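Take a look at the model below. The paragraphs after it walk through some of its contacts.

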Amino acid sequence: MKSTRPSCTLLVLASALLAASPTLAQDVIRIGAVLPVTGKESKIGGAFKAATEYAVKEVNDAGGLDVGGKKLKIDLSLLDDTSDASRSAQLVEQLMAQQKVHAVIGGYGSQLVQAQSVVPDRYGIPYISGGAGATSIYGRSKWVFGVLSPVENLATTQMDFLSDLVAQGKLKKPLKIALLAENTEHGKDFQKGVKDYAKAHPGYSVVLDESFELYAADFKPLLGRVAAAKADLFMCDAHLEDFISMQRTYTQMGLYHQMLTYGARGADEAGRKGLGAATDYIFASGWWSDLLPYPQVKAFAAKWKAASGSAPQWYHATAYEAVRALFAAIRKAGSLKPEAIRAALAAIELRDSILPGGVLKFTKTGQAVLPFVVTQNKPGGKVDIVWPKEARTGEPVAPMPKP
Amino acid sequence: MRGVLNVLIDSLLAAGLYATMAYGLAVIYGVMRIINLAHAGVMMLGAYTTFSLFTRFSLDPFLSLLVVAPLFFGGGVLLYRTVVRRLPRSGGTASIESLLLLFGVWLVLQNLAYVIWTGDTQSILTSYTLKSVSLLGVRVGVPALLVFGMSALSLLVLEFVLHRTYLGKAVRAVTQNRDAALLAGVNADQISAAAFGLGTAFAGVAGGMLSTLYAFTPDFGRSFLLKAFCIIVLGGMESVTGVAAGALVLALLENGLAVWTTIPTSFQDAVSFALLFVALVAFPQGLPGLFTRLARRRAVR
Amino acid sequence: MKAFPWVAGAALGAFALAAPLVLERGTLNDVWSLAFAVILASAWNLLGGFAGQVSLGYSAFLGIGAYATVLLSLRGMNPFLTLPLGAALAAAFSVLIGLPAFRLRGPYFTIATIGVGEVVRVCASSVSFTGGSSGLRMPPGSFDFTLNYLSMVALAIAVVALAAFVKRSAFGQALAAIRQDIDAAEALGIDSTRFKLAAHALSAALVAVAGGLYAINFQYIAPGSVFDFRLSLSIVLMPIVGGVGTIAGPVLGALVFSTLQIKLLSIPALRDSYLFLYGTLLIVVMLFEPKGILGLVRRVFNRRLRRFYADA
């Protein structure tokens, strides 16, 4: 009886704490961002954080963003969702409901962005993500925009590249494909892209089609199945950790395929560090490469290197570009009203984009559909762009030389 | 049968590592009836420590295990003396408090790793990492072979310690019957500290070995922890051979399923856990207990 | 005097229900999360606190409830009508695993529940009819926050009241006997398995309903978030830190953890130390006051009372 009084007091005090809300600053553009800075996706989440903060700093250092004649500074609230989907959604709600941000920059990772993307509709606040290519996220809400092109296109671009090699005579049909993918939205889209292409184009057949759990570590049993399938091409979609573990086992088992790809992985520096010569001749397709021959890409790479000390990776570029697109839309809208920003985003055509194709614009679903680049690793740590042909910096080597 | 040799060799090599991983958990549970959830965190730290020794001092990861083992033994004893010993004991039975306490330690260790090494994926690349040899016609990676060698060695040393030294006998005695051991004059506190140190050392060494095989982040360790549970339930906790047997059964199951069935490998984990559940319910004393019971039944008849 | 906790509880509950008229959306979101945590903690406490059987597999029931709601809603059923179905499914599943698992004692039971939780998670992420690892979305439209809020808060109040009722009932006393000494309880004629199964089923059903409400409010679920082992751990942490086996304990624990989760995470300076704080809190509580915050408060209060009466 008496002893419950202290617990009740505690409860009341805590409720008061919860009810306290922060004061809102005026005359600034409030931008929120929820990213996986810690947790499973922390590596790229952290990179996104760096790129987002850099983009904001760039604008603030120039005096702010021009909105309808007035220059306003940007106030960035960047929160960590620890790679947890429900927390991610909750934090976006918090930004929109309590901190009343004018726009939200989405996170990285299909599951996290999926969870976040149901929220903007409830508040009518624009949301843009540089970190998720899964098609199922877009098209459901007019407030959700994404800079990453669909993952299926990542796969079909690789297939187009392979078909071109066949046309050049470097590879001969029929070609059997061993297809592996991580058990995520990204992996499933990749699998769909490859399978649909194989069905539509004679000469390709998928002889093995399996998913694996993220961070599974021991790939020996799975690669045993790949060996038994006796395929010509090995296509796999994986996160960095799994790419390193799998490719190691692949090399130790002495496996060989005419062409080898790990989806978007391969050209990453971290991959090269972890695998050395085992990454040679692996081809990868990605949303961006610092080797793209556009002047704005060279300029971006230079200033990023100056600011951070290392070369930019694709995730730095897409995060940066997402923020830049948002700011361009705000400038074009000339106001901070959500509908104005949203309409500006939907109609935007960023002509000096650093992304492949050089122009950034969103389709009806809110997702950008831009070309992908295909790169191939060459010995000695070199990387060449091998597709599209206009952007080529080196000749593709096919089939891969035997170890 | 297709690939029998493949499955046997791969399983044997995997079992060595699994056994080392599991033994660390088994000794702590056996002596103190504590489920050490921090085991995953210690393995992760072992991996990172080996990694740091490799990048900072260019020390070969397998040689650095000789540094990791005593270092982690000391760390384990320290952890026991400062934190674990203060736990209110409930008469020798396992408590939920110890479980949650060690979970707390695991979280702290993870945070430590994030702060020191960041969340970036790391891996150790040595001159022999990508090499492989042919063993009876089966291609085997050099690191996997070395890991097996190290595991076998450490388990042999462990067998020696358990059967030929006083410490070892005392540990076995407490595992079998705590009260009787206390009556026989065993110093419970010292043995517990030693057991905790031993368990931590094994976890660290297992982590170090894992770092030579796979890439890792601070989140690393959870799936291995769950496998270790499986193994100690299967193998019982009383002997090294029991743990080794449990490890072998699990490894055979994983590899066998991949080669002889078409069950997707993503279901592999589910199978291990289902096995864990079945083992717990059907033979809680593990396989050795099952064999003893069967032997007894045959003797009675 | 004995009525005081009931009065205080009712007052807080009434305030929470009336809150949409007073508080703003952001705070209501936080209260919703708090209510959700209270339900999970109090429901778990029925088996874990009252009966002393520590299960680390409760995320399975949460997930079953969430998935039942989404799958049935996608087939046209009113989301709120799916809740009792999800509850029934979870209760049935709890009996299915309880029958073999309750033969185990103490930590062996705990380890078995970990295994069950993981099997369910792997199956959910590998099977296509549950959407696999990409998860599922609720059918669009029909999102009504006030309704979601009121139902979660109402359920929280109901669960706490139910827990209080159970504790004082014969059922609750049987559970207490089982917790204290299962063999003695059996000797007294209590069929411990039946009681354990009943408590398990009741708490599983409640957790499943909370899972369904979660799906209705978040509108997107994936195996990684609803079947996660970390979630099972937090469900156990809350009542233990607050005070296992009591009524107010789980509520206090839920309060501490939801505050930690939402408030602290948004402070950039503390972001890197989130795990450290969580972990240290656990360590400190387990070492110094295993009866949780409530136990600590009672100890301090009793000491003051004793001193007061001694001086008199």
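Helix α3 (residues 85-97) of chain A packs against helix α2 (residues 25-50) of chain C at an angle of about 155°, and their axes are 8 Å apart. Axes are lines fitted to C-alpha atoms, for helices over the stretch in contact, and angles run from 0 to 180 degrees between N-to-C directions. Helices are DSSP runs (H or I, at least four residues), numbered from the N terminus. α3(A) and α2(C) are therefore roughly antiparallel to each other (the term covers angles over 145 degrees). From α3(A), the contact uses Gln90(A), Glu93(A), Gln94(A) and Ala97(A); from α2(C), Arg25(C), Gly26(C), Asn29(C) and Ser33(C). Contact means that C-beta atoms, placed from the backbone, lie within 7 Å. These residues divide into one nonpolar, five polar and two charged. Ala, Val, Leu, Ile, Met, Phe, Trp, Tyr, Cys and Pro count as nonpolar, Asp, Glu, Lys and Arg as charged, and the others, Gly among them, as polar.

The model is predicted: local features need pLDDT of at least 70, side-chain atom pairs count only at pLDDT 80 or more, and totals for chains, interfaces and linings use all residues. Residues are numbered from 1 along each chain as its sequence is written, while chains are lettered from A and ligands numbered from 1 in the order in which they are written.

Now turn to chains C and B. Here 33 residues of chain C are in contact with 35 residues of chain B. On the chain C side, α5(C) gives the largest share, 13 residues. That side divides into 24 nonpolar, six polar and three charged residues.

Definitions and conventions:
Helix = DSSP H or I, 4+ residues; strand = E, 2+ residues; numbered from the N terminus. Parallel < 35°, antiparallel > 145°, perpendicular 65-115°, else oblique. Contact = placed C-beta atoms within 7 Å.
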